[in-house]
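Subject: Handover of a structure and the findings on it

Dear colleague,

Please find the structure below, together with its sequence. The findings follow directly after it.

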2 protein chains.
Amino acid sequence: MAFEYEELKRSNNSAARAGILHTPHGDIPTPVFMPVGTQATVKTLNNTDLYDLDARIILGNTYHLYLRPGHELIRELGGLHRFMNWKRPILTDSGGFQVFSLGPLRKIDEEGVTFKSHIDGSTHRFTPEVVMNIERDIGADIIMAFDECAPYPSVPEYTRAAMDRTHRWAARCLEEYHHSGTPDKQALFGIIQGGFYHELRHESARYLTQELDFPGYALGGLSVGEPKEIFYEMMASTAPLMPRHKPLYVMGVGSPEDLLEGILHGVDMFDCVLPTRIARNGACIVKDGRLNLRNAGNSRDERPIQEGCGCYTCQNHSRAYLRHLFRCEEILGLQLATIHNVHFLVAMMQEARVAIFEDRFEDFREQFLANFRIIPHEIREKNREARAASHKKKN
Amino acid sequence: MAFEYEELKRSNNSAARAGILHTPHGDIPTPVFMPVGTQATVKTLNNTDLYDLDARIILGNTYHLYLRPGHELIRELGGLHRFMNWKRPILTDSGGFQVFSLGPLRKIDEEGVTFKSHIDGSTHRFTPEVVMNIERDIGADIIMAFDECAPYPSVPEYTRAAMDRTHRWAARCLEEYHHSGTPDKQALFGIIQGGFYHELRHESARYLTQELDFPGYALGGLSVGEPKEIFYEMMASTAPLMPRHKPLYVMGVGSPEDLLEGILHGVDMFDCVLPTRIARNGACIVKDGRLNLRNAGNSRDERPIQEGCGCYTCQNHSRAYLRHLFRCEEILGLQLATIHNVHFLVAMMQEARVAIFEDRFEDFREQFLANFRIIPHEIREKNREARAASHKKKN
């Protein structure tokens, strides 16, 4: 089979690991961050930008692609790779998260979910079988099982019911995948649910890894609004139960500190709209937290977003110019900020990978976190200046 | 001086000519189309895109840059080239056209114009001297005199008054330019006015070329809503009066047929927002007219926008994908359509230049126009299919 995970190195001091995921459209060094291309485009970037950023795999969203342009059209035109002319691997989610996020617009039953399109209100129905066929038509290298994602918080009874249904749907997805799918070209990942209850998470991990056999697994239903400590606890208690010869993916996770936490527990793959979405608001990820390009403080600042950063934006443009673009609502600003943020996460993962090979990932992570604070960059700058000034005085 | 126009070849059959404009930031082969970067960015494109498109010079708008980020800020940060990190030549207009387009928001007197910002309603004043200083601070290679652009239609009396004032302002611009400007680094162009009256146009051309001495000239106040025949007549009757050893620029002209008409009469330089603006509506310039990417007819069309086109968009993406991007309002669609349209005009100018050297420009133009119609592409396709079908029947 074209799909295989190879563990190349495991840290001596944690569950962090480095590997390679072999796929029909190329190898993916892990751990990896996957930029999200919801509607067959990573917002504001073209494919060349993404290749230059060394994005090794991108995501597509099944729910959005099903609505527009439609999976049948994508199939007719040769699949998503050809449709968007993307040469590297793609992963599609199952649409589960989007459908369950529709709230009053959807109705769940044992067979599947009936929902109304957020675009035109038209009625649609997703079942595990329907989703498998849509994902087959889209043709990503990695496809996800159709699951029910319980919101945070949820009572134990509903969380168990959603998890049990996720398990029954997982079995149906797997059957449909083997029956009418393309297992030789696509790897189907099962999704662990169980909300924020350790016992349920463990039960879900056991069931999906021991009773069923997926080529890869994801932890779903995390980072949905819960406090970070609870998210981290769930990851810490569930990840060790996962089989080491298969890739592990935590869905919807994308802040630098969360990626590092995931790696520490042995997670290989991450995706999130965070870097691209905040970029479009002018917010940039930098080594000590966030920099907001809209701030007037940047008006005359000739420094790049991040000194020493190798991205196209930092190599070519000043904060002053970027601030001007955001102030004038110029599209180029959105693109340049997106490039920086995607580069930040991709490069951070590459550095983390090297650190794992060199058995110093845990130090790398601690050093990163010592600098990194999600407080406005300006406050941090002022604090630093104040400290420097007070230090000078003392001397 | 760093600025010089060299005529390399003049057509044997028309006034069409090929040359080189030497500027402090590099040579510009002419005839040339200049993409417009109103607010220090050609909308949706980054500098690398523009270099790849072989854009040899871009425009900035003095009115917009004066309001945001302000000419003083640009000067402090080393001028517009450095501010936007653009390595090639730049031309700034004088803001005259924008200010006079403000209608009730502006008041003209002999000294200058008082106007209110379209952004926040604040009051500002442009005089020839003020504008010269703003353009000096911005630091473009080519700067334009502050003129009064009469709308179409205008009565002869007002047109003459506006022209006479333009002449007095031209003399003041020239004096300020030599007095406190940087003539060694910037070339100031005079602008011929005179509305749509041949005698006034001739008088303006004579005055500005014989009484005053600018390094280059522009025909202003054309393509402002008048019928094409009238625009063409004005160009035909005025262009021959212009000095051959200096570059001639027709402002605000950018449709393919207008560029070819201008070249025929000896025009060297053109600028227009047309290719970038219509791209953002999904309209693409193609050899037989326009193609609208939003049309449902493109849904399953795997052809590029224009078969045989060498632009990044046509080399990489189908109409089906582009139509999907426009339907989903994805920014990438705007960028890809802009790339195609700018490429179309830049490449057309390069082909026209070669044709001039080979003394076949007039044929090149006629062949181009024989194919080119500004009627919706689909109607043309249908007509063609109908003709082909009827032709088949006959055989």
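Before the remaining findings, two notes on the conventions are needed. The model is predicted: local features need pLDDT of at least 70 and side-chain atom pairs count only at pLDDT 80 or more, while totals for chains, interfaces and linings use all residues. Residues are numbered from 1 along each chain as its sequence is written, chains are lettered from A and ligands numbered from 1 in the order in which they are written, and side-chain values use heavy atoms, with hydrogens and water left out.

The two domains of chain A

Chain A is assigned domain 1 (4-276) and domain 2 (283-387), the bounds coming from an automatic or database domain assignment. The C-alpha centres of these two domains of chain A lie 28 Å apart. To their contact (heavy atoms within 4.5 Å), domain 1 of chain A gives 35 residues and domain 2 of chain A gives 28 residues.

About 2700 Å² is buried between the two domains of chain A, with carbon and sulfur atoms giving 72% of it. Buried area here is the accessible area (1.4 Å probe) that two parts lose on being put together, summed over both. Within domain 1 of chain A, the residues that lose the most area to domain 2 of chain A are Leu53(A), Pro256(A) and Leu260(A), which together account for 24% of what that side buries.

There are 2 salt bridges between domain 1 and domain 2 of chain A; the term denotes a side-chain nitrogen of Lys or Arg within 4 Å of a carboxyl oxygen of Asp or Glu. Glu261(A) and Arg365(A) meet through their side chains in a salt bridge, at 2.8 Å from N to O. Among the elements that each supply at least two residues of the side of domain 1 of chain A that touches domain 2 of chain A are strand 1 (4-10), strand 2 (17-23) and helix 10 (256-264) of chain A. Helices (H or I, at least four residues) and strands (E, at least two) are DSSP runs, numbered from the N terminus. Helix 10 of chain A gives the most to this side, with 7 residues.

The contact between the chains

Between them they bury about 3600 Å², of which 50% is on carbon and sulfur atoms. On chain A, Arg300(A), Glu330(A) and Ile331(A) supply 15% of the area buried against chain B, more than any other three residues.

Across the interface of chain A and chain B there are 18 residue pairs in polar contact, both residues at pLDDT 80 or more.

The same interface holds 6 salt bridges. Lys43(A) and Glu330(B) form a salt bridge, their closest N and O atoms being 2.5 Å apart. Glu330(B) lies in the loop between helix 13 (319-327) and helix 14 (331-357) of chain B, and Lys43(A) in the loop between strand 4 and helix 1 of chain A, so the pair joins two chains. Over all chains, the structure holds 51 salt bridges.

Backbone features

Two cis peptide bonds in chain B deserve a look. Thr30(B) and Pro31(B) are joined by a cis peptide bond with omega of about 5°, and Pro31(B) is placed in the loop between strand 3 (26-30) and strand 4 (32-35) of chain B. A cis peptide bond with omega of about 5° also joins Arg68(B) and Pro69(B); Pro69(B) is in the loop between helix 2 (62-67) and helix 3 (71-76) of chain B.

In chain A, Ala40(A) has a phi near 70°, a positive value in a residue other than glycine. Ala40(A) is found in the loop between strand 4 and helix 1 of chain A.

With kind regards

Conventions
A polar contact is a pair of N or O atoms within 3.5 Å; within protein, one must be able to donate a hydrogen and the other to accept it, and residues adjacent in sequence count only if both atoms are side-chain atoms.
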